Structures are given as structure tokens and as C-alpha cells.
Amino acid sequence: MTPEDVLSMAKENGIKVLDIRFMDFPGIWQHFTVPISELNESSFEDGYGFDGSSLRGWQPIDASDMLVIPDASTAKMDPFFKEPTLVMIGNIADPLTRESYTRDPRNIAKKAEIYLKSTGIGDVAYFGPEAEFFIFDNVRYESQKNLAFYEVDSVEATWNTGRDEEPNLGYKPRHKEGYFPVPPVDKFQDLRTEMLLTLEELGIDTECQHHEVATAGQAEIDMRFKPLVQMGDQLVWFKYVLKNVAYKNGHTVTFMPKPLFEDNGTGMHTHISIWKGDEPLFAGDKYAGVSQDALYAIGGILKHCNALCAFTNPTTNSYKRLVPGFEAPVNLAYSSRNRSAAVRIPMYSSSPKAKRIEFRTPDPSCNGYIAFSAMLMAVIDGIENKIDPGDPLDKNIYDLPPEELAHIESAPGSLEEALEALSNDNEFLLKGDVFTKDVIEKWIEYKTENEINPVKLRPHPHEFFLYYDI
């Protein structure tokens with residue numbers, strides 16, 4: 001879509017306002033709204049000014065002025081606002097130099113796509129994230145100097161089988177038994193379908209929706225794979241749509257990796273493939289029908305996995321899911337069909353076009369633009385340096401004897417470990433100026449000061465249960 005197309009679209013749809021959106025550094029969508037009269041052809045070059053010092057991880061107050069320049073190709077109608085509203089995603093730029101901002105996550109993703117082409121390896125990298133989530137009916141939380149608690153609830157939670165619901169009709173999935181019974185046990189079929197159809201109306205192709213393993217409304221909606229930047233755009237729309245459809249219906253959606261104790265966490269298994277022209281580069285005659293380049297790509301992911309986790313699993317809560325011996329794939333191995341490996345080669349189809357690798361460690365708390373870019377850089381590094389992933393592990397890793405398991409490396413056990421790995425292993429990210437030293441240093445600083453240290457310094461409610469009477 002061109003700027004002219006956008007202006008015509010606004011006129012034809014009786015648009016009254018323009019909503020401009022962009023992703024902040026940690027990964028939350030931001031927006032502001034202007035009258036449609038403020039949009040003209042020059043807006044696509046001049047952009048709109050805003051205060052960059054008020055955004056997390058961005059500018060200091062003495063250099064706060066920034067520009068957001070709308071991208072005409074991203075124009076969509078908002079499905080939730082009362083007044084007809086045109087939405088465009090913008091790119092962030094310096095108002096003096098007009099250079100793209102290094103800490104703009106979308107800019108990182110755009111540079112990753114450019115770098116892939118410059119290597120000659122391929123023309124396009126496709127990403128297909130399976131972002132899981134929870135649908136709750138109620139959430140309460142508090143964190144004060146003398147008080148800390150959280151409570152989530154769901155009409156289909158197994159802990160509510162004895163609740164007086166006047167009447168309680170039962171049909172609540174037990175722990176780890178939500179994959180996937182029909183209604184009335186599954187309470188959210190219609191809600192998930194509304195989410196799916198809203199995504200489709202926005203031009204976001206979906207493949208399926210279903211209940212997930214955990215009790216209390218865990219769910220998944222799968223988007224069809226798209227190129228990196230486009231999927232980054234779609235993932236922010238995805239979260240926005242799911243949250244707003246849930247909110248409209250009196251529910252709440254969270255993408256926290258581990259909101260429940262002793263039940264499945266929320267992952268974002270991510271499918272990756274590279275194409276050059278009409279050729280799928282990951283199809284071949286090696287293990288599980290993949291190419292040598294695909295194996296090298298797996299080698300790159302496994303080699304850099306600990307550093308990748310700083311972006312793909314970027315919260316302290318992420319590591320409540322990534323615990324050895326439980327359901328999450330923390331062991332750095334690859335396999336076909338084996339879902340306990342960090343990297344899997346899906347075997348649903350024998351078509352060369354369907355050949356891809358699936359990185360199973362990430363979770364949906366991540367900033368998609370940055371996480372996908374980091375994954376692509378690891379894949380490229382693996383291919384360029386012919387990194388051997390070793391032999392596949394076609395066993396249930398969790399059933400291995402200790403002497404075998406000792407030889408399999410694990411993903412980091414905390415966000416602090418992941419950031420330390422990123423500090424020590426980031427050269428592969430700096431190629432092509434895709435990531436910059438400034439981005440990596442600021443990421444580590446922000447996460448340490450705003451997330452790791454505040455969590456580390458606070459007493460945990462369970463510590464009172466364990467230690468109050470000592």
C-alpha cells in the first residue's frame with residue numbers, strides 16, 4: 001500500500017482519526033492519535049514528533065525529541081475503537097540526522113532482513129511463532145514495601161471444582177489435561193474463534209485455534225508464517241487483538257510464561273525457514289529430510305542459545321518455565337518429532353516447502369522484532385561458519401540416565417545467566433550493524449536495573465511460608 005492508497009482508504013472509510021503505533025524497547029506497543037486532517041503525503045516523510053525520554057530504555061531528557069514516521073504498508077482499520085480509526089505502525093528516527101533509531105525494535109528487524117540478503121544465503125526468512133496464552137476471569141496483584149501477593153482465577157480452573165457457583169456445573173480440565181477436550185470442558189471455544197476471526201479480518205492469516213495443556217484457560221492460536229518484519233508487526237497486532245477481545249467479553253489475557261504453579265507454562269515455539277527465490281533452503285536429504293544448511297542453522301541456534309535467551313526469554317518469570325526436568329525444552333539438543341528437544345524438525349509434511357526448524361525454547365513475553373532478529377542472526381552464523389549441531393537425540397531427554405544427561409548442555413536457569421551469556425557472546429549479533437553495542441549494553445542495563453534487581457531484592461511470599469517461624 002502506498003501513501004496515496006492510504007489517503008484514499010481513509011476517505012473511502014470515513015476515517016476520523018489516525019492512530020500511530022510503535023514498539024518500545026522492552027516490547028510494549030505504544031500509540032498516540034491525531035485527527036485525520038493531520039495526515040497528508042508529506043507525513044510519510046516528515047513524521048510526527050514525540051518525547052523519546054518518556055519511553056522505557058530510550059532517550060535521555062536532554063535529547064528527548066524523536067520522530068515516528070508511519071509506514072504506509074502497515075495501514076489497517078482498528079476493530080475496537082468507537083470512531084473509525086486508521087492505524088499505521090511507524091519507524092523511529094532522529095529528528096536532526098533523520099537516521100533510523102538504533103533502539104527501535106522494528107529497525108533492528110529491518111536491518112536483519114537486509115543483512116540476510118547481503119550474505120547471499122537467502123532472500124527471505126520466514127517465521128511462524130506459536131504464541132500460547134492464558135485466559136483468566138480475574139487477576140489481582142500487589143507489590144508494596146510490606147505486602148506482596150497475586151491471585152488469578154478462571155471459571156474452568158480445576159481448583160474451582162468445589163466453589164459455590166450457584167450452580168457449579170463441573171466440567172473443569174484437570175492440571176495438564178487441557179489438550180484438548182471439547183466443550184463444555186473447554187469454556188472458551190467461542191472466545192478463541194472471535195479472536196481468530198478478528199485477526200483474519202485484519203488480514204492476519206491464521207491456521208488454527210485450540211485449548212492448550214494447562215487448566216484455567218490456557219490456549220493457542222497459530223498464525224501462518226510470514227517474513228521477519230511482517231511477522232513482528234503481526235505479533236503485536238496478535239497480542240493487541242487477543243487482549244481486547246478478551247477484555248470486551250469480561251476476561252483478561254496474559255502472555256506471562258508461568259502464571260500458574262505446577263501446571264504447564266506458556267511457550268512460543270518458533271518455526272524458521274529461509275528461501276532463496278523459489279528454493280526452500282532447509283529441504284534436503286540429510287537427517288529428517290533437511291539440508292546441510294538447515295543442520296548448520298540448528299548448530300548456530302544451539303551454540304548461541306544461552307545468549308539468545310536474553311531476548312527470546314527476557315523476563316525473570318521466563319525461567320519459572322525453563323526448569324530442567326519439567327515440561328519446557330531446556331536441553332540443547334535437536335530431534336525430529338521429539339518435543340523435549342530445544343530444536344525440533346517438524347514431520348507433519350514431506351513437502352520440501354514445509355521443511356523448517358522449530359526453536360522451542362522462546363516464550364511470548366519477548367519483543368518479537370528483537371527475538372526474531374536474534375534467531376536469524378544465530379541461523380546465519382551457523383550457516384556461514386558451518387557449525388555442526390552434532391548427532392540428533394531421538395530419545396525422551398527427561399528419561400535419560402544421569403550419565404547421559406550430563407553431556408547435554410542446558411539453557412540458562414535465570415535471566416541473569418542469560419544476560420551474562422549475551423554479554424560474553426554477541427559478536428554474531430553485531431554483523432551488518434543489525435544489533436549495535438549500544439542496544440546490547442542498554443538491554444543488559446535495563447533488564448538488570450528494572451527487573452532482575454527489583455525481583456532479587458524483594459521477599460517472596462513463599463519465603464514466609466517456609467521461614468517465618470525459624
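Predicted model: local features only at pLDDT ≥ 70, side-chain atom pairs only at ≥ 80, totals over all residues.
## Second largest pocket

The pocket holds about 910 Å³ of space. Its lining comprises 41 residues, and the closest to the centre are E130, H269, H271, R339 and E358.

At least two residues each come from β7 (124-136), β10 (206-211), β11 (218-223) and β14 (268-276).

## G128 in strand β7

G128 sits in strand β7. G128 counts as buried because its relative accessibility is 7%, under the 20% cut-off. Leaving out residues up to four places away in sequence, G128 touches F225, M231, H269, T270 and H271. Two of these contacts, H269 and H271, are also among the residues closest to the centre of the second largest pocket.

V290 lies 162 residues from G128 in sequence. The C-alpha atoms of G128 and V290 are 18 Å apart.

## Nonpolar cores

The largest nonpolar core has 120 residues. L86, M195, L242 and F435 have the most contacts inside it. Helix α6 (residues 292-312) gives the most to this core, supplying 13 residues.

Take L242 as an example. Leaving aside neighbours within four places in sequence, L242 is in contact with F133, M195, L199, I221, V253 and F255. One of these partners, M195, is also on the list of residues with the most contacts in the core. Another core lies apart from the largest one. This other core has seven residues, including F136, V152, A214 and L260.

## The β8–β9 hairpin

Strands β8 (residues 138-143) and β9 (residues 148-153) are antiparallel partners, paired over six bridges. A hairpin of four residues joins β8 to β9. Within the pairing, E142 stands opposite F149 of β9.

In a regular strand, side chains alternate between the two faces of the sheet.

## N13 in a loop

N13 belongs to the loop between α1 (3-12) and β1 (17-23). N13 is partly exposed because its relative accessible area is 39%, and that class runs between 20% and 50%. Not counting residues up to four places away in sequence, N13 touches M77 and P84.

E132 is 119 residues from N13 along the chain. The C-alpha atoms of N13 and E132 are separated by 34 Å.

Technical notes:
Residues numbered from 1 in each chain as written. Heavy atoms only, no water. 1 Å grid on protein atoms, 1.4 Å probe; cavity = no way out; pocket = protein on both sides within 12 Å on 5 of 7 lines; lining within 4 Å. Points joined across faces, edges and corners; volume = space filled by probe spheres on them. Pairing = 2+ DSSP bridges. Core = buried A, V, L, I, M, F, W, Y, C linked by side-chain atoms within 4.5 Å. Buried < 20%, exposed > 50% of the residue type's maximum accessible area, 1.4 Å probe, protein only. Contact = heavy atoms within 4.5 Å.
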